[in-house]
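Please read the following walk through a protein model with the sequence and the coordinates side by side.

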There are 2 protein chains.
Amino acid sequence: MYPTILRHPGPTPIPKKVELAMAQSMISHRSEEFVKLYRETMERVKPIFGTKQEILLLPSGGTAALEAAVVNSVSPGEEIVVITVGAFGDYFVSICEKYGLKVHKLEKNWGEACTENELIEFLKPLSNIKAVFVTHNETSTGIINPIKQLARVVQEHSDALFIVDSVSGIGGVSARMDEWGIDILVTGSQKAMMLPPGLALLAVSEKAWKVIEANRSTAYYLNLLSYRDWAEKGMTPNTPAVSLIMGLSAVCDLIEEEGGIAKTTERHEVMKNMVRSAMKALSIDLLTSDEFASPTITAIRTPEGLDLATYLAHLKKKYQLDFAGGLGHLQGKIFRFGHMGYCFPSDILQAISLMEAGLQDFAYSFEPGAGVKAAQDVYLSSLRKRTPVF
Amino acid sequence: MYPTILRHPGPTPIPKKVELAMAQSMISHRSEEFVKLYRETMERVKPIFGTKQEILLLPSGGTAALEAAVVNSVSPGEEIVVITVGAFGDYFVSICEKYGLKVHKLEKNWGEACTENELIEFLKPLSNIKAVFVTHNETSTGIINPIKQLARVVQEHSDALFIVDSVSGIGGVSARMDEWGIDILVTGSQKAMMLPPGLALLAVSEKAWKVIEANRSTAYYLNLLSYRDWAEKGMTPNTPAVSLIMGLSAVCDLIEEEGGIAKTTERHEVMKNMVRSAMKALSIDLLTSDEFASPTITAIRTPEGLDLATYLAHLKKKYQLDFAGGLGHLQGKIFRFGHMGYCFPSDILQAISLMEAGLQDFAYSFEPGAGVKAAQDVYLSSLRKRTPVF
């Protein structure tokens, strides 16, 4: 009866409007109706990516699109750089290593971002790098890398393609693919894009298309040229996830209703600041510094003296509040508070209230209400800036 | 306002119960709820495949699962046989050739099946075949290959793996994977399985697992060993299509309500016979012989004297009846009447009635009602056999 409050990094809650859009009658993927749906929807996704390039749709998880970015643009034996600041950067390394690339790993401690200068220094001794891969928003640590600055470094210090995994970013964080100079930008449906899992979206720069055209990949399902060819006809090479595309159209409605992607990412900034202020007011430590804090997910250290697994299980059982635990060596040390996609300041107030209730159950020493108050202050201040209602 | 009557080979109509199941609240793919859903649902899919092996789920279209079957079990340069009886057999050839396999193509005229003896003769001069690939149900021609017999031939005349594409078969046609000796059996969600596109299902024999364990594929997303490892924990290696799995559970409900997969495939047999009898009564030619006619889709030749494109456009515009045209060199010569998944004898009567109405509009010479009557006879006779209601 009590609804689960899913505050995970994804899959994330689905808006009712999107659920209903996905329950429309099935249509053929070779029909005029489909072509219209596809073309109109893809145009509307472009501002979310900050690109004029075509948006390609793979009927698959984000992992497949990341692999597609790799196998279409580089070849086994070639040298690449992977900037890894957490579990999903390491995941990218695994894909590249399995494919037989020579991977130069720019590795940061979990909880830190990669800075401009670090990348400049790292690239200096490397002369034959074909691509630089980076995670935009690292879901395991709640870090956002400074993509705009890193893109400029790559352009100024190499001929490499700059390939960005923004699976947990796009839709919730600002992305200016063309302006910043991203060559391949990838996202998934199930995070800030407010859809169920099963659809990957990516866009490719003109520079990257030239490289891809010369590549001799043996991939069939992940062959991006084939997706490009079919996109010109308003279709996909094989049967696409039709209902998810119907849902994506409704997602575009919602973002446009909010005032466009800039407003949507602004909301995510507000939610991030609400969570961070609340934790500071509760004297609960955050994993990351404010400077590189993700707008879509916050990693929170275990409140002092509590057993994390017990606390999280308690929140879920008693209050239906479902946070994600830490990954890898951060397991037991942090939990992750997802605030992306179909999530609003009211949801943040609710989750923090319930977190506080849970802390009281464990007789944790704090001033009840302090977290909620701090979050309210951020929210009210943002409203005052945003819309002069009085 | 008027609903489209989608009589395509897929995507096919989605049952209301399945739509609603897919609109359930999102859950984490790393939660206990998910593990329970996954384990229970996969158990219930096994009888549909006729296997005791684990069912693996790829969050992707059927093409990806076909490619997974290829890249996990054979290596570039190796010799394989592809039995192709139509467009989707040729599609399989493309996947294999792009991957760098040496393909021996057993090719049949479109509209014919591959017989036991033909395969025996074809295999005779070949001594180093690693795998034999075949399309179970060829969507482009409405042919069903005699998989049981072909499987026996492969076992008796080679050590090769027998890999079957049943994308438009499983759920609507009988499959006894273990009993017949199929090594990899692949299907998709959007055909007889009554789901939207975006999920591929496959099962692997013990013999094939041994081959896969020794394979050194560089595929990451399509790495079947990784799916097997995670399946043991009741999960998938990356984010699965959670809502489609919720829908799949409802599909299992429906099939079980009908009395199990044997009853469901029996209904498809009846619908096939209804369509074929109707066309015979209308003196409209069928592409295939009765012996190898598909239970899920029927290819019908253009009624004499009609322009096919005009007739099909008319049916869609005036009666909202949507058939699929022919593929490749059969374009303009046949149309395809899909009767798979969420489709019932009543739907066949409806579609044939509307086909007849359309024929009248074109002053086609026939006895109005003759097609419907023939279909009714098949239906009534099947009901008498099935349930003694009087």
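UniProt, in an unreviewed entry, places the feature "binding site" at R336(A); UniProt positions are given here in the numbering used for this model, feature names are shortened, and annotations may be inferred rather than shown by experiment. The model is a predicted one, in which local features need pLDDT of at least 70 and side-chain atom pairs count only at pLDDT 80 or more, while totals for chains, interfaces and linings use all residues. Residues are numbered from 1 along each chain as its sequence is written, chains are lettered from A and ligands numbered from 1 in the order in which they are written, and side-chain values use heavy atoms, with hydrogens and water left out.

R336(A) belongs to strand β13 of chain A, which spans residues 334-338; helices (H or I, at least four residues) and strands (E, at least two) are DSSP runs, numbered from the N terminus. With a relative accessibility of 6%, R336(A) counts as buried, a term that means under 20% relative accessible area, with exposed meaning over 50% and partly exposed in between (1.4 Å probe, protein chains only). Neighbours within four places in sequence left aside, the residues in contact with R336(A) include R7(A), P9(A), T139(A), S140(A) and F323(A), where contact means heavy atoms within 4.5 Å. The side chain of R336(A) also reaches the backbone oxygen of T139(A) at 3.0 Å.

A further annotation from UniProt, likewise in an unreviewed entry, lists K191(A) for "modified residue: N6-(pyridoxal phosphate)lysine". K191(A) sits in the loop between β9 (184-188) and β10 (200-204) of chain A, and its relative accessible area of 8% makes K191(A) buried. Apart from neighbours within four places in sequence, K191(A) is in contact with residues including P9(A), G10(A), T12(A), T139(A) and M340(A).

Some backbone features deserve a look. Most residues other than glycine have a negative phi, and most peptide bonds are trans. In chain A, however, G10(A) and P11(A) are joined by a cis peptide bond with omega about 0°, and P11(A) is found in the loop between β1 (5-7) and α1 (16-22). A cis peptide bond with omega about 0° also joins G10(B) and P11(B). S283(A), a residue other than glycine, has a positive phi near 55°; S283(A) lies in the loop between α11 (261-281) and β11 (297-301) of chain A and is exposed, with a relative accessible area of 59%.

The interior comes next. In soluble globular proteins, nonpolar side chains tend to be buried together. The largest nonpolar core has 209 residues, of which I83(A), F162(A), L248(A), I83(B), F162(B) and L248(B) touch the most other members; such a core is a set of buried Ala, Val, Leu, Ile, Met, Phe, Trp, Tyr and Cys residues joined through side-chain atoms within 4.5 Å. Residues up to four places away in sequence not being counted, L248(A) touches T41(A), M42(A), V45(A), L57(A), M193(A), L195(A), L199(A) and L201(A).

How are the two chains arranged? A rotation of 180° with 0.0 Å of shift along its axis superposes chain B on chain A, with an RMSD of 0.0 Å, the copies being superposed by least squares on the C-alpha atoms of residues with pLDDT of at least 70 in both. The two copies are therefore related as by a two-fold rotation axis, and in chain B the C-alpha nearest that axis is that of S60(B), 2.2 Å from it. In chain A, S60(A) is buried, with a relative accessible area of 0%, and its contacts beyond four places in sequence include P59(B), S60(B) and Y221(B).At the interface, 45 residues of chain B are in contact with 45 residues of chain A, and the two chains bury about 3500 Å² between them, 60% of it on carbon and sulfur atoms; buried area is the accessible area (1.4 Å probe) that two parts lose on being put together, summed over both. In chain B, M26(B), K98(B) and Y220(B) lose the most area to chain A, together 22% of what that side buries. Because 100% of the interface residues of chain B are also interface residues in chain A, the copies meet through the same surface.

Methods. Polar contact = N/O pair within 3.5 Å; in protein donor to acceptor, adjacent residues only side chain to side chain.
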